[in-house]
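Colleague: Hey, I'm new to this one. Can you put it up and walk me through a few spots?

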Amino acid sequence: MSAPTGVASNAAGTVWLPSAESPMPMPGQSLRQGRLSATRPATSPRGMGWRRLLVIGSTAVLTAVAAMGMLQVLRVGGLSVLDGVLLVLFVALFAWIALSSVSAGCGFVLLLAGRANVLGIDPDSPLPVPGVRTALLMPTYHEDPARIMAGLQAVYESVAATGQLHAFDFFVLSDSRREEVAKAELEEFAALLERTGAHGHLFYRRRTDNTGRKAGNIAEWVQRFGGAYPQMLILDADSVMSGSTLVRLASALEHHPGVGVLQTLPRVVNGQTLFARMQQFGGHVYGPVIARGVTWWHGSEGNYWGHNAMLRTRAFAEHAGLPELPGRQPFGGHVLSHDFVEAALMRRGGWAIHLVPQLDGSYEEGPPSLTDLLVRDRRWCQGNLQHGKVVGSAGLHWISRMHMMVGIGHYFTAPMWAMLMLVGLAIPLYNSDLVWDGFQLPGFSPLRYWAARDAERVAWLFAATMGVLFAPKVFGFVAMLTDADARRGAGGAGRAFIGVLIESLLAALMAPIVMYRQSRGVAEVLAGRDSGWEAQRRDDGSVPLSSLVRSYAGLSLFGLFMGALAWAVSPGLALWMAPVVVGMILAIPTVWITSARTPGRWLRRHRILCIPEELEPPPVLRRATELRAMATPPQA
């Protein structure tokens, strides 16, 4: 099917669109009615049942062994109600980390074995020639127009360098409401057209009605222009993808007619602050084993993350139309975390959803500070909890339901870890035969209490829990050492090890902050508070001291108070609470230091927390950086 050509604009000259529309209906889907159309797509790997039995069975065995160990400890002196609560919390949380550990272990074995080519996509083979047209869609909402146009130009030029530009068109889909932003978008898009001479390949549209947010933005394009494009790829405003990767994805989707989504594994790049650099380093070291593991046992029931993925337009239009959820916000209304639901509905319709982790050339940027991450995370919290209204929908594949349950569980684990620590404190306090001396309880120590019950088994349980918790990092680090290119890209084995230590230390300091904010987010959602829709910061992670004080002083004072109170009661109690209390007390300096560029740049000069894309930037990233530098004044 040929794509429309030409450009049309309204009276104000505010749009550049194809001269003719190609409508494609996109009906809203029912969550109450529906059947799973295909139990096993043609592209599903063999032995998926055994793979899933291995992963889930191994998780169950590990959890059962740990549960029996904990039960033996709790049975000393008889079981109480508090003991039962502690056991339930421990089993649920251990199963949570065990699933991640087992999955990463599978990915570790696969990486060492060298098996990676999902759907036969070989990054080293000659570049194929796509036979159908693909639309690249870049939704934007109050982003820096110069920055996003620079990134889009780099992608456009990279596609042109493959010689396959005739098979791709590019659309900027604006949802911006502020007139000054919209005006700047128009100016920057006109400048982009002037620089590239890409009339007929580059288009711009701004919606006046933001119904459905990003999902509604994409749906509106499908309903107007989707009929001209058998395939489409979604880019985030911070996404950059190489032309060769786009061509390989387009060709693979074309040659596997039962596949609805090909999701790449975007690499996090361009981090300048310490926080952003630790994130992208973690993605480089730990990401491959995690991605290979889930790909191995998810198979054709993979997930979709909303960007840097190639989609079959007809499959998306016929099955991914999102209904309005009943009830009031935050649980009712339009679906916030739409990508999980779209993947589940497409899989219900019989289309395969695959992750292709072996394909490089897909990039995104992480939030520059913990504060920015927590703002984004609050919206994700609401979106994932909202899936409670979707997970029971008729006809969904059980792996699709599992994706949603994992997303929901992610946010409930934060308050559960807090409850586990508190119950672990309450039990020895309740059973203590020590005598209070005013506000003091001399000699009281939760650690000593638990060791006295069964010192050997308690030590074994602690070691097992820490081992399972940190296993994905160990697997990722060892796998990275076996790959010469990945090892050099991380600065070498020694610097990579230092990077792992720094990343782990900072993650431990931030864990209490994240636990508190996620627990508060869950409480706010359950209380009916909506997250809103705010623009995201991309480069600058700096946070004024006054803002840090407003955001984290209360948490720091609470941690200081609890630490002092625990010390006044007993040094042993203070030691028990130290891992959480220290992170709370140091919240302001931790966020301040990690949000700064100076420590990040110092580490980069010394090749610590390094990634390959920094040492040898791919051409598309190098070009995007050049264009953004020309469009953005230098920052101190």
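**A quick tour**

Colleague: Is Arg 607 buried or partly exposed?
Modeller: Arg 607 is partly exposed, at 34% relative accessibility. The scale goes like this: under 20% relative accessible area is buried, over 50% is exposed, and partly exposed is in between, using a 1.4 Å probe and protein chains only.

Colleague: Before we go on, what are we looking at here?
Modeller: It's a predicted model, where local features need pLDDT of at least 70 and side-chain atom pairs count only at pLDDT 80 or more, while totals for chains, interfaces and linings use all residues. Residues are numbered from 1 along each chain as its sequence is written, and side-chain values use heavy atoms, with hydrogens and water left out.

Colleague: What's its backbone phi, for Arg 607?
Modeller: Near 55°, and that's a positive value in a residue other than glycine. Asn 308 has a positive phi near 55° as well, and it isn't glycine either.

Colleague: Where do I find Asn 308?
Modeller: Look at the loop between helix 7 (274-298) and strand 8 (309-312).

Colleague: And is Asn 308 buried or exposed?
Modeller: Asn 308 counts as buried, because its relative accessible area is 0%.

Colleague: New topic: how many salt bridges does the structure hold?
Modeller: There are 25 of them. A pair counts when a side-chain nitrogen of Lys or Arg is within 4 Å of a carboxyl oxygen of Asp or Glu.

Colleague: Show me one. Which residue does Glu 220 meet in a salt bridge?
Modeller: One is with Arg 224, at 3.2 Å from N to O. They're four residues apart in helix 5 (residues 213-225), so about one helical turn separates Glu 220 from Arg 224.

Colleague: Is Glu 220 buried or exposed?
Modeller: Buried, at 19% relative accessibility. Arg 224 is partly exposed, with a relative accessible area of 22%.

Colleague: Nice. What about Asp 454, which side chain does that one meet?
Modeller: Asp 454 has a salt bridge with Arg 457, 2.5 Å from N to O. Both are in helix 12, three residues apart, so the separation is about one helical turn. Arg 457 is partly exposed at 31% relative accessibility.

Colleague: And which partner does Glu 524 have?
Modeller: That's Arg 520, with the closest N and O atoms 3.6 Å apart.

Colleague: Last one. Where is Ala 64?
Modeller: Ala 64 is in helix 1 (residues 48-75). Ala 64 is partly exposed, since its relative accessible area is 40%.

Colleague: How far is Ala 64 from Val 91?
Modeller: Their C-alpha atoms are separated by 8.1 Å, and along the chain Ala 64 and Val 91 are 27 residues apart.

How values were computed
Helices (H or I, at least four residues) and strands (E, at least two) are DSSP runs, numbered from the N terminus.
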